Amino acid sequence: MTTVPTVAAPAAPAPLVAGVEQRRHLRTAVPGPASLALGERRAAVVPTGVGMVLPAFVERAGGAVLVDVDGNRLVDLGAGIAVVNAGHAHPRVVEAVRRQAEAFLHTCFMVTPYEGYVTVAERLAGLAPVAGPAKTVLLNSGAEAVENAVKIARAATGRDAVVVFDHAYHGRTNLTMAMTAKAMPYKRGFGPFAGEVYRAPMSYPFRDPAGMTGEEAAARAIGSIRTQVGADQVACLVIEPVQGEGGFVDPAPGFLPALAAWCRENGVLLVADEIQTGFGRTGDVFALDHEGVQADLVTVAKGLADGMPLAGVVGRADVMDAVHAGGLGGTYGGNPVACAAALAAMDVLVDEDLSARARGIESLVRTALEAARADAPAIGDVRGRGAMLAVELVRPGTTEPDPAEAARVARTCHQAGVVVLTCGTYGNVIRLLPPLVIDDDLLRDGLGVLVEALTGRPA
Ligand SMILES: *Cc1c(COP(=O)(O)O)cnc(C)c1O
């Protein structure tokens, strides 16, 4: 037998983003000693109510890599919960922030306005899936955007009722807690909650009767709204086109168009909560674009400003203008630095075609996860769209949720330096939300770790 001498191919140098090598590298256990020391300080002064997915303290970040205080480079498959779609520290975003910070930090747009806010509203009017001319109010957080969408819908319709869906997540303020479905950890002990919020069944193909179409699931939801509320009482129907925290539930095709048609016929405003799904994440600029659905109001946040806190409600001009002068706003809403970041992030979204990158991520991730199914009987479902993908874990051969297995898989990834998040009403879903700029080698590396954690053998 002859042995073929192997010559190692020269490794291509890893790309650098903001000075951070786009490769995973562990120098210590994760978390390392410096993170553990900071964790002790954290525990003394930060309440336990503030959660923590991976207790490695970050020192810098670029692209899809986090560098922790122990010098470990972690692969970020969470993007700060779908926020840094253009990657950490995208040079165009950083430069826009720096320039605006040098000019001025704040005036309050309601006191003395500035151009950046107007330009963001112009850009959103061109991008958002809203019919006709659109107007935008800018705010600070996703929950605040959802609250304002409800205010606007009530003012525009003169009706009170708000319809939301099973597994929905809309935030942690009082009204949005009422709209969010899951009690633990979001609601328990925090009531009483706001009234006039009603819940309808979602289209959840993995758990619905086999073969149920989107149209049938919509008829089921509409039937429940009719009997529980009455169409003429409903101000708005608020829905995530692909659900986020609730488990990346991707409704059957036809579900959203049927709901949109029913809303139109009944004078109900359709509010698309695109806070997690927006800005290229699902492989189109907005998730509603996949089926050509248009909403009356769209809430945006997370991916809007690539890491700066900024949120908004984009809506039909006539609906937005139903609110009396002075009825909308807030001290910091549309902060000029956040607006500068958003403009740069929207430029990157278009110029680097991040939606196409999300579709590329989808084909790579889907292939890997589908292949893993043979060796990982706990995988009940692989689903999602674009770079918003998930595996739902169950007891093999059933649909019974297995949250312990999801926790084990996530922990194994974290210890190997790969940031993944869990989600789902039953806590049994591993979700992937990588920055859309992640390069294929880094994505393959992170996926390899996940697949090994799922199957128990090297990918
Ligand atoms: C994150 C999220 C929110 C809440 O946004 P915050 O900025 O955390 O208040 C609302 N809706 C959806 C769909 C989200 O993913």
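**Basis.** I worked with a predicted model in which local features need pLDDT of at least 70 and side-chain atom pairs count only at pLDDT 80 or more, while totals for chains, interfaces and linings use all residues. Residues are numbered from 1 along each chain as its sequence is written, and side-chain values use heavy atoms, with hydrogens and water left out.

**Ligand site.** For the classes, Ala, Val, Leu, Ile, Met, Phe, Trp, Tyr, Cys and Pro count as nonpolar, Asp, Glu, Lys and Arg as charged, and the others, Gly among them, as polar.

A polar side-chain atom of Asp 273 is 2.7 Å from a ligand nitrogen. At Ala 143 a polar backbone atom is 2.8 Å from a ligand oxygen. Tyr 169 places a backbone N or O atom 3.4 Å from a nitrogen of the ligand. Of the 380 Å² of accessible area that the ligand has on its own, the protein covers 82% (Shrake-Rupley method, 1.4 Å probe).

**Cavities.** I searched the whole structure and found two cavities of 30 Å³ or more. A cavity is a set of points, on a 1 Å grid over the protein atoms alone, where a 1.4 Å probe fits but cannot get out; lining residues have an atom within 4 Å of a point. A volume is the space filled by probe spheres set on the points.

The largest cavity holds about 60 Å³. Its lining divides into seven nonpolar, two polar and one charged residue. Helix α10 (residues 336-351) gives the most to this lining, with three residues.

The second largest cavity holds about 40 Å³. I noted Tyr 169 in its lining, along with residues including His 167, Lys 182 and Glu 245.

**Pocket.** I looked up the second largest pocket (an open set of points with protein on both sides within 12 Å along at least five of seven lines). Its space is about 290 Å³. Of its 13 lining residues, Thr 136, Val 137, Met 320, Asp 321 and Leu 328 lie nearest its centre. Strand β6 (residues 134-139) supplies the largest share of the lining, three residues.

Definitions and conventions:
A polar contact is a pair of N or O atoms within 3.5 Å; within protein, one must be able to donate a hydrogen and the other to accept it, and residues adjacent in sequence count only if both atoms are side-chain atoms. Helices (H or I, at least four residues) and strands (E, at least two) are DSSP runs, numbered from the N terminus.
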